[in-house]
Amino acid sequence: MPYALFVEDHQISRALPTENDVWHYADDAGLVVDALIQDSTGKPERVLEQGYSIREAEPEEQQPLPGLEMPKRVA
């Protein structure tokens, strides 16, 4: 099942093959922040900005919202 980035109930990214791919996409867009909570290794936990989530996406829901420009990933 593909995954995508959502704000509230609206899909704002194209569907990507894995949840990890969407995390990279969100990080490139500046939507991933370090939380004050530390994980078991002592590093700050990485979370999405408030209001954003990563969810499973239906294959037919692969188009971003009109007018929304997300950064292109550089290899």
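**Figure 1. Confidence of the predicted model.** The protein has a mean pLDDT (the predictor's confidence in each residue, from 0 to 100) of 81, and 76% of its residues reach 70 or more. Confidence is lowest in strand β3 (residues 32-38), with a mean of 78, and highest in strand β5 (residues 52-56), at 95. Helices (H or I, at least four residues) and strands (E, at least two) are DSSP runs, numbered from the N terminus. Residues are numbered from 1 along each chain as its sequence is written. Because this is a predicted model, local features need pLDDT of at least 70, and side-chain atom pairs count only at pLDDT 80 or more, whereas totals for chains, interfaces and linings use all residues; side-chain values use heavy atoms, without hydrogens and water.

**Figure 2. Strand β1 and its pairing with β5.** Strands β1 and β5 run antiparallel and are joined by five bridges; two strands pair if DSSP finds at least two bridges between them. Val7 has Tyr52 of β5 as its bridge partner.

**Figure 3. The hairpin of β1 and β2.** Two bridges link β1 to strand β2 (residues 10-11) in the antiparallel sense. Opposite Phe6 stands Gln11 in β2. Two residues lie between the strands of this hairpin, where Glu8 takes a positive phi near 55°.

**Figure 4. The open sheet.** Three strands form an open sheet in the order β2-β1-β5, with antiparallel pairing. Strands β2 and β5 stand at the edges, each with a single partner strand, so one side of each is left without a neighbour in the sheet.
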